[in-house]
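Dear colleague,

Please find the structure below.

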Amino acid sequence: MVKYFVSLVALVTIVVFSKPLFQKGLIAGHDTGARVIHIQMMAQALKDGQFPVRWVEGPAPGLSHPLFNYYPPLFYYVPAVLNLAGIPVRDAIYLSLVAFLALGWYGMYKFTRSFVAASLFSLTPYRISQVYVRAAYMEFAATSLIPFVFWGVQKRDIRMTAISLGLMLAIHQPTFMMVFPAMVAWIAFLWIRDNSKQVAIASLLSIGIGMVLVSSFVLPMFVERQFVYADNLSANYFDYHQHFATISQLIYSPWGYGISKAGPDDGMSFQVGILNWTVLLAGIGIVIWKKKYTSPIVIFALITAYGVFMSTSASLPIWEVIPPLSFIQYPWRFLAITTFATAVIAGEIGSFFNKKYLLGVVILMILMNWRYLAPASYLPVDIFNFNNANFPKNDPLYGLEPSYFPIQTVQTNSDPSIPRFRVIQGKADIKSLAERTTFQQFSAQVEKPSTIQINTHYFPGWTAKVDGETTTPGFSSPEGNMEITLPPGEHKVTLQFTQT
């Protein structure tokens, strides 16, 4: 009977959260266009036989870059595969989000044994904003894995912890960076409380194994960072100095669909949640009243404080002495930590009450957050389809990530009429034989020495073969496009993106 009751609460929570997803059209969010475009590029790369996907192209021919060499790719595989199976991009995205929502609910329930904790984790304002305001789908998916990391540590389950950490890193690096110190605190708490070194040993092994599991993504991301404009990821608008929240905003800030900006007048809300604050204060009160200083409430109250602290400018000295933190970009992203930690505290408090009262708490949180479960507006479903006539024409880089363009690319050309292969010097007749994402081939009848430009940016890993002989492409144009010089005669040229 209990199992069916818990399943019903889970179903209600998931349906309530996801109901707006499958309504009129495509939900308008900060990064909606980028997400849809990236998924189309991922699907095309998979269709071309590329795996793991590193190099993508689009929307216009020639706009190619090693996006998923650096951008966490794992979330994108799910909707991209669904799309290749015939499901429209919009539905593929939203089905993926529902799956991660359900996964997060299940993970939190298994970790805390509390449906209140699982539902509060799912329906907290920050989690809602990830989907309905920001379209931060990777962050939403990665946040769903946090309970599994802590559950794995608690169980001394090396496999679960390693897989959860590895998946999180391959979905959204900032979430991994934020969760790691909190996980260490949880390890230390269990070590001290249980007087057992096993938790520390198992966790250290899990961290190492988790990194190895996704090393095919992590190693190139670090080693090949010098080949793209990665420093732009923490400059200008993305400079973290502009995105600290204030304490008053964390307590309450009006719900909005605008962007984050310097100062307290942001267009979006950074509220932790009234129920979350209530749970935190109640948890601290229970610890003091019952003198349960070894209760998990203690460590998760400290983890909540860590999330709040790192979200505000009080933590600025830490951000300035740990340079990698700059790639988190928005300090208020640490609200993902407060979302998780306060939900755990809710589960601990729930153990003191009858389940019929706890059901009332779930109903209350639904009623309190119902108005947030709606997008600002809906867009036409196919507005970001590459082949749609309404696709944004005024910005050829719309939805792309210029920070991940090869370093020699100083300008781009999005004119779709430019052929993949063209003669820029000399005289030759070119016949295209293949034009896939990572495999291109042409034949050339050369009358006099000629330079052929390929409308694809060069990046380490691209190799060329002229009549079977390997050569290195040049790249002298401002676009950084590859070039091959051919002597007179008939030639067959193959270009392929291989492992670096």
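Thr456 is part of strand E6 (residues 439-457); a strand here is a DSSP run (E) of at least two residues, numbered from the N terminus. This is a predicted model, in which local features need pLDDT of at least 70 and side-chain atom pairs count only at pLDDT 80 or more, while totals for chains, interfaces and linings use all residues. Residues are numbered from 1 along each chain as its sequence is written, and side-chain values use heavy atoms, with hydrogens and water left out.

Thr456 counts as buried because its relative accessibility is 0%, buried meaning under 20% relative accessible area (1.4 Å probe, protein chains only). The side chain of Thr456 forms a polar contact of 3.0 Å with that of Gln440; such a contact is a pair of N or O atoms within 3.5 Å, one able to donate a hydrogen and the other to accept it.

The largest pocket holds about 1400 Å³ of space. A pocket is an open set of points on a 1 Å grid where a 1.4 Å probe fits, with protein on both sides within 12 Å along at least five of seven lines; lining residues have an atom within 4 Å of a point. It is lined by 47 residues, and Tyr71, Leu233, Gln329, Arg333 and Tyr404 are the closest to its centre.

The second largest pocket holds about 660 Å³. Its lining has 31 residues, with Gln40, Gln44, Asn385, Phe386 and Asn387 nearest the centre.

With kind regards

Technical notes. Helix = DSSP H or I, 4+ residues; strand = E, 2+ residues; numbered from the N terminus. Buried < 20%, exposed > 50% of the residue type's maximum accessible area, 1.4 Å probe, protein only. Points joined across faces, edges and corners; volume = space filled by probe spheres on them.
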